[in-house]
Amino acid sequence: KLTPLEEQVSQIQAANPDTMLLVEVGYKFRFFGPDAQQGAEILGIACFMDHAHLTASFPVPRLDIHVHRLVKAGKKVGVVRQMETAALKAAGDNRNTTFERRLCEVYTQGTYLDHTDMGGWILAIAEDVLPEDEAQDGVGQRAQVDLAIVAVRVESSEVVYDTFTDTAMRHELERRLQMLDVKEVLAVGELCSKTRRILGSASLISAKREAEPDDLPEAIRSCLAALKLYLAEFKLATVMTTPLIPFESKLSMQLPATTIASLELFHNSVDGAKYGTLFWMLDHTRTSPGKRLLHSWIARPLVHLPTLKERQKAVSELVNAKGTQFVQSEKLLGVLKRLPDLDRSLSKILYGKASRPEVLAMLKGFQLLGQCFDAREAFAFDVLNDKLSALQTAALVESFLGEIDEKRTLQDDKFSMFKESDALDGISDHKLGILAIETELEEHLEEIKATLKRKHVDYVSVAGIDYLIELKNDACKLVPKEWKKMSGTKFCSRFHTPRITRLVAERDQRKESLAMECDAAFAAYMKRIAEHYDTLRWIVSCVAELDCLQSLASVSRTQGYVCPDLLEGAPMLDFKSSSHPILQRIVDAFVPNDISLLPGKEKSTLLITGPNMGGKSSFVKQVALLTILAQIGCYVPAESAKLTLVDGVYCRMGASDSLATRESTFMVELHECADIMKAATAKSLVILDEVGRGTSTMDGLAVAYGVLSHFLQLKCRTLFVTHYPSLGDVAQERPGLQCCYMDYVEANGSITFLYKLAAGIAARSYGLNVAKLAGLPESLLALADKKGKEMEEALASRRDWQFAKSLL
């Protein structure tokens, strides 16, 4: 048989089957049933049987810490609170009934706003299979689908949308997922298995496909409706009133999913962490909005030359700041370090979820920004001055700060937050009413002294019950019968007179009304601030941009970095003594290299050979990363750098099969090559690493030859890494191809890598050297070396016979 508490919890669990419930019971929060076992494992606390249920618990003050840990573990967490205090219940008529409890808050990874390390995008996705492909969804077929997405980031009140057509590989969807860092997915209507697999580990929630009337496409409207309904559960639907922003922009470079993953822009290939990524290398931001904007800048390098040159000039001025400009730059850095997460705080105010200290911290942050700019210390470049000028919010912020007592607000004192002169009439009335009751209670004390015939009687408070008259048990004979005993021990008893009972009830009623009035006043205060949301949001965006510019400037000040020359005209790329921007910071010494791609001078493609582990892949990644750095607006590690803008960086590197689409390694490779061949233009940068290695040597060589010929004809900037030396013969047939290799020194059966690019073709790949480094047995290596020499001799004999035969 269930206890009344267990019955109450079971009802709440039945109404919220997908939610892990934390139930307030006295001074603890408790888990029940399966939630207890999961919660105990995540939090490392004890789990045990209590009556008919498993249970686990932790103290009330640990709530925020444990909710954070549970949400971070991917759980949807609900907080069930007691709606009555123990003191009031003990004094009331329902003292013997179960406490009233309600589900008050629900949190997920995408909706938890109380920690800066949480948050992310919530994505709604709808799918339509193209009619001509419905019957072609078999192995090896490239079934296309029309996809629509709407993504929301609640901590910054951003909403983006997009519609696009994708292949069975779902590369376009994957690219968007990588750029958005999606935490939760709403599947609007039916999604096929391929799409669901690509969505991967993100929390997947099903939603009905019901469109709202609007001018947008039906699929987008369905996603919007699903998001509104879902966010309403968390009281966050207000975010859907902010402007919709298109996901794609004609002003940004195309970076496919394979490029983002291959270049390790945001997550490294070892453990998925940020260490060793381009974002890790560039991130010197001081604010959370700046960090989020920097992520967006890396994901969307600029292709609009005037905009890019403006950003580059701003970075250059910060790098070279002297005198008053240096003072202004240092002052700005000092202010940025002291700011709270303005984006998150402003969004919480918009949703009506901010605490009083958070509102104060945000207003003080804006006030601090307003004090930062001094026209006498202006920069020479207008972009920086315009951003700094936007921080002038003194009049607006001061008016809101003038209404509150900052000390009381910081203490989260709802009753004394507003200054008396500005307090609402309702608050003043309730405060006066409570004061009158407390005065009457003090006067009543004189009557109590006379009744008890004592000169010294004072009120005491015990277990949350106020105005108790405490007497030793042997003195209780003088207590009138109408007095009510509230509590006691074996030494004393505590009483309320009828008048005290009435007055305390009136006081508690007044306090409850005062609390409601204060909460309403605070909500109205936040609503008035939210009326200036657009203005304040614009200021936050300026702060984020200034923070990003300072971050790029911090990197650009590194010794050996140079401002790249951004040119117009025919596609070209020329880096002298350039280094890998990430490896340069990780390894002790890095060998610089030159790279020159000049399609206008028949030098569009670089064919790169060389030994395994010789640095070929690192070199081509270096070129791609330097190009992205230049088009973000950052300096690059080189003696000199010149380039015309690249409209897209397309990489095909690595080897893996695709379980999601039931395709082999070679099939995945060819699909990726085909996607690049369709997307790349004469202005693109293409990087192809070991095309054709997933099949037999002759078939692989034939495919590699065909792909190389295509990009030679396209005349885009191309880096082609291969272990097929015979591809160098193409240089004699087709203009535009340069042959080079990563240099090395061979001595006594071993090689030393020089990591220097040299002209020509490497005759061998020295795979056995890598096998030796990998620790393969010596007997295996000796056998492999013997067989390798035999095959080389046989091949040489065959070539000699073919040559002799041709002479005859």
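Arginine 292 and aspartate 341 are both buried, where buried means under 20% relative accessible area, exposed over 50% and partly exposed in between, using a 1.4 Å probe and protein chains only. Their side chains meet in a salt bridge, at 3.0 Å from N to O. The pair links distant parts of the chain, 49 residues apart: arginine 292 sits in helix 10 (residues 288-299), and aspartate 341 in the loop between helix 12 (324-338) and helix 13 (342-351). Helices here are DSSP runs of H or I with at least four residues, numbered from the N terminus.

This is a predicted model, in which local features need pLDDT of at least 70 and side-chain atom pairs count only at pLDDT 80 or more, while totals for chains, interfaces and linings use all residues. Residues are numbered from 1 along each chain as its sequence is written, and side-chain values use heavy atoms, leaving out hydrogens and water.

A salt bridge is a side-chain nitrogen of Lys or Arg within 4 Å of a carboxyl oxygen of Asp or Glu, and the count by this rule is 36. One of them joins glutamate 100 to arginine 102, with the closest N and O atoms 2.7 Å apart. Salt bridges also link Asp162, Glu172, Arg175, Arg176 and Glu248 in a network.

Methods:
Helices (H or I, at least four residues) and strands (E, at least two) are DSSP runs, numbered from the N terminus.
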